Amino acid sequence: MSFNVLICGVGGQGIVLASRLVAVTAMNEGYTVNTAETIGMSQREGSVVSHVRFGNEIKGSLIPEGFVDVIVGFEPSEVLRNIKYLKKGGKIIMNSKGIFPVSKSNNYKPEKIIEYIIENFNGTICMDFTKFAEELGNSKSLNVIMLGALFYADFIPISFEKFLETVKNEIPEKYLSLNISAAKKGAEEISKFLEGKYE
């Protein structure tokens, strides 16, 4: 068995921590894990992409194009930029909140990108995860909220409870309460979405 997760967004969204939490959860399940990050101008909201591969035998750290099982996209244009990595039948969990590039291009319309991705890639879930983070009172909890949704939705072959154990073991004490709440918030919101109760 091998499973490939690609996490993408822009600098400052907590993508590197998110990839570490996925990797540690997989290692705790006894899998071999390889990770790699490509970071472009991350201090200026540039693209950040993290590759996480786990399974019984993994070769290489970077996922080839067309081999990603699930994309966790923190920003719509970054999902589109990396869509070539998604395998046929792969899944996407995407944040609907767009972040305008530094150039402040007026041509950037996140809603058009979201519409295109949902229409062309079955198995896409798009929600305003930024709003959920704001509801918790800390926008930096976006990454753990999205991972809570990822694990709870069964988009990854490891249980949500195992992910929650990783959060409890890996997050420093002073941030632990917020991150446990964030993981549970992601699970709660994706549960409502999957049951058709999402507003």
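Modeller: Happy to! Two strands pair if DSSP finds at least two bridges between them; helices (H or I, at least four residues) and strands (E, at least two) are DSSP runs, numbered from the N terminus. This is a predicted model: local features need pLDDT of at least 70, side-chain atom pairs count only at pLDDT 80 or more, and totals for chains, interfaces and linings use all residues. Residues are numbered from 1 along each chain as its sequence is written, and side-chain values use heavy atoms, leaving out hydrogens and water.

Colleague: Which are the edge strands?

Modeller: The sheet is open and has six strands with mixed pairing, in the order E2-E3-E1-E4-E5-E6. An edge strand here pairs on one side only, and the two are E2 (32-39) and E6.

Colleague: What angle does the direction of H5 make with that of E5?

Modeller: Within the sheet, neighbouring strands are turned against each other by 15 degrees on average, direction ignored. H5 packs on this sheet, touching E4 and E5 (contact means heavy atoms within 4.5 Å). With axes taken as lines fitted to C-alpha atoms, for helices over the stretch in contact, and angles running from 0 to 180 degrees between N-to-C directions, H5 and E5 make about 135 degrees.

Colleague: How far apart are the axes of H1 and H5?

Modeller: Leu17, Ala18, Leu21, Val22 and Thr25 of H1 meet Asn143, Val144, Leu147 and Phe151 of H5. The two helices pack at an angle of about 35 degrees, and the axis of H1 (residues 15-28) is separated from that of H5 by 9 Å.

Colleague: Is Phe151 buried or exposed?

Modeller: Phe151 lies in helix H5. Beyond residues up to four places away in sequence, Phe151 touches Val22, Thr25, Ile156, Ile158, Ser159, Phe160 and Phe163. Buried means under 20% relative accessible area, exposed over 50%, and partly exposed in between (1.4 Å probe, protein chains only). The relative accessible area of Phe151 is 0%, so Phe151 is buried.

Colleague: Why do the buried residues of H3 line one face of the helix?

Modeller: The buried residues of H3 (residues 110-120) are Pro110, Ile113, Ile114 and Ile117. They line one face because, seen down the axis of H3 and taking directions from the helix axis to the C-beta atoms, they fall within an arc of 100 degrees.

Colleague: Which exposed residues does the face of H3 turned away from its buried side carry?

Modeller: On the buried side, the cover includes helix H2 (76-81), strand E5 (86-95) and strand E6 (124-127). The face turned away carries the exposed residues Lys112 and Glu119.

Colleague: Does Glu57 count as buried or exposed?

Modeller: Glu57 lies in the loop between strand E3 (47-55) and E4. Its relative accessibility is 58%, so Glu57 counts as exposed.
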